[in-house]
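Dear colleague,

I am handing over the structure below, together with some notes on what turned up when I went through it. Please have it open while you read on.

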Amino acid sequence: MADSNSAPTWQRRPEAGSRFGMQVLLWITRLFGRRVVHAVMAPVSAYFLFTRGPERRASRAFLDRALDRRASLRDVYRHFFRFACMSVDRAFFLLDAKRSAAGLAEQVPVTFVGGPESQAVVDAGRPGIFLAAHLGSFEASRVLGAAFGGMDLRIVLDRNQGARISELAAELNPELAKNVIDAGSSTVELGLKIKEALAEGAWVGFLADRYRDGDRTLPVPFLGQTALFPVGPYLIANTFKAPVIGTFCRQGAAGYEVHCEVLSEAVDLPRGQREAALAALVERYVSRLEHHVRASPYAWFNFFDFWAGASGHRRDR
């Protein structure tokens, strides 16, 4: 198991787009609606397809695996276009801070799958951990709070990554911004904020398919090759003996499906078999992530060499 890693590729890539461009798209979104602005994304996607070489190559390498065939340039364009449409949809999720999950469906259709089992875990009254991924729209998953009866949901995100879109999101929806725990904080400060949130009865959400520089990771098979996944969220769940729910957001032409799956009703890693139990828990999440990625491959948005960091790492480290 790796305790630290060199800076992942995704942390070194510059953010695409400009603040002015985002403001223009927001204006178009408000004036003309979702369908029109999605159409505008077609030439925008083509532009980024031909100007962002590393992302284009990473997309093709990923799609080769997810589609089980050689991905064409058209496949890569479709991947870029889905990402652009998702980015636009973020505005619809953020524009109205008080809109309910049902109201959001009027703008962007969102369907919840597997809710009853997760609802039972939430209704038990114990705070827990939500594990999401860069699959579909994270904002669609954020409305889980409303879907589960107004639960307090805090999200661990790095404000410095995608800073322009984070600033715009804070302007559009200050209430959601208040519920963001900055992953870029010091280790001590981050740990205290997460502990505070759980102590207050809130659920804490993590994007569990990326690790940051210095994170403890575990190498796990994913789409046919070993990749590194962070273990921090599972260790936090173990500390609080908290439940863990996986949320996997599939994206289609019309809207989103948020699949909720209980991964553990209460994480309790046995002292004598701690590493094996931890590995089994991470592998359970990765297995379900792979299932949903294969079902919705154009909606997984990690535009970098996802498997590069696992080179040289062994499971028994």
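One aromatic cluster is formed by Phe62, Phe222, Phe229, Trp300, Phe304, Phe306 and Trp307; please keep in mind, here and below, that the model is a predicted one. A search of the whole structure finds 17 aromatic pairs, and among them is the edge-to-face pair of Phe222 and Phe229, whose centres are 5.7 Å apart with 80 degrees between the planes. Phe222 and Phe229 are both buried. For Trp300 and Phe306, the ring centres lie 4.9 Å apart and the planes stand at 70 degrees, so this pair is edge-to-face as well, and both of these residues are buried. Trp307, which is also part of the cluster, has the charged end of Arg65 sitting over its ring, 4.4 Å from the ring centre.

The other part that I looked at is strand β3, which covers residues 153-157. Five of its five residues are buried, so the strand is largely enclosed by the rest of the structure. In a regular strand the side chains alternate between the two faces of the sheet. In β3, Leu153, Ile155 and Leu157 point one way, while Arg154 and Val156 point the other way, and all of them are buried.

As for its partners, β3 runs parallel to strand β5 (residues 203-207), to which three bridges join it, and Leu153 stands opposite Trp203 in β5. Strand β4 (residues 180-182) also pairs with β3 in the parallel sense, over three bridges, with Leu157 opposite Asp182 in β4.

With best wishes

How values were computed: Residues numbered from 1 in each chain as written. Heavy atoms only, no water. Buried < 20%, exposed > 50% of the residue type's maximum accessible area, 1.4 Å probe, protein only. Helix = DSSP H or I, 4+ residues; strand = E, 2+ residues; numbered from the N terminus. Pairing = 2+ DSSP bridges. Phe/Tyr/Trp six-rings, centres within 6.5 Å; stacked < 30°, edge-to-face > 60°. Lys NZ or Arg CZ within 6 Å of the ring centre and 35° of its normal.
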